[in-house]
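Visitor: I am new to this structure. Could you walk me through it?

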Amino acid sequence: QLHLVESGGGLVQPGGSLRLSCTANGFNLNPYNIGWFRQAPGKEREGVASITIRGITTKYTDSVKGRFTISRDGAQNTVYLQMNSLKPEDTAVYYCATTTTGSYFNAPGFAEQEYHYWGQGTQVTVSS
């Protein structure tokens, strides 16, 4: 069964950093644009960042701009989300997903119905 696997979550103090990884179980991520999403307790899932094939273009939700960086390594078949200056409001389960929307110079948006393969998520908790 094709799915994604997220890792790298954990407990971190405010102001700290984490790097999340997204790999594919059974298929190659390279032909896909990728999005990172998160769902906080009691809230709807929201898009955080997205990246096009080969990492040409990225997109971020306003609340993480300047703090989070999405990148990808084709040789490792992995997409990363580097999260710096973490805040308690970043606490959530983080998911990655694939999509074929977007173009070479336009990273995909965050409409969930446009994403196909998802992972099970990794918990990020920001607390002192």
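What follows is a short tour in questions and answers.

Guide: This is a predicted model, where local features need pLDDT of at least 70, side-chain atom pairs count only at pLDDT 80 or more, and totals for chains, interfaces and linings use all residues. Residues are numbered from 1 along each chain as its sequence is written, and side-chain values use heavy atoms, with hydrogens and water left out.

Visitor: How many helices and strands are there in the protein?
Guide: Both kinds of element are DSSP runs, numbered from the N terminus: helices are H or I with at least four residues, strands are E with at least two. Along the sequence the pattern reads β-β-β-β-β-β-β-β-β-β-β. The count is zero helices and eleven strands.

Visitor: What is the radius of gyration of the protein?
Guide: The radius of gyration is taken over C-alpha atoms, and the globule rule is 2.2 Å times the number of residues to the power 0.38. For 128 residues that rule gives 14 Å, and the protein comes close to it, so it is as compact as a globular protein of that length. The C-alpha trace spans about 40 × 30 × 30 Å along its principal axes. The radius of gyration is 13 Å.

Visitor: What share of the residues of the protein count as buried?
Guide: Buried means under 20% relative accessible area, exposed over 50%, and partly exposed in between, with a 1.4 Å probe and protein chains only. Of the 128 residues, the buried share is 44%.
That covers the whole chain. Strand S4 (residues 33-39) is mostly covered, and its buried residues number six of seven.

Visitor: Which residue in S5 is the bridge partner of Phe 37?
Guide: S4 also pairs with strand S5 (residues 46-51), antiparallel, over five bridges. The two form a hairpin with six residues between them, and Gly 42 in the turn has a positive phi of about 75 degrees. The partner of Phe 37 is Gly 47.

Visitor: Is Thr 98 buried or exposed?
Guide: Thr 98 is found in strand S9. Contact means heavy atoms within 4.5 Å. Not counting residues up to four places away in sequence, Thr 98 touches several residues, among them Leu 4, Phe 27, Tyr 32 and Tyr 117. With a relative accessible area of 0%, Thr 98 is buried.

Visitor: What is the relative accessible area of Arg 54?
Guide: Arg 54 is found in the loop between S5 and strand S6 (58-60). Its phi is positive, about 70 degrees, although Arg 54 is not a glycine. Arg 54 is exposed, with a relative accessible area of 69%.

Visitor: Where is Ser 85?
Guide: Ser 85 is not a glycine, yet has a positive phi of about 50 degrees. At 41% relative accessibility, Ser 85 counts as partly exposed. Ser 85 lies in the loop between strand S8 (78-83) and S9.

Visitor: Which residues is Ser 71 in contact with, leaving aside its neighbours within four places in sequence?
Guide: Ser 71 is found in strand S7 (residues 68-73). At 31% relative accessibility, Ser 71 counts as partly exposed. Its contacts are Ile 51, Val 79 and Tyr 80.

How values were computed: Two strands pair if DSSP finds at least two bridges between them.
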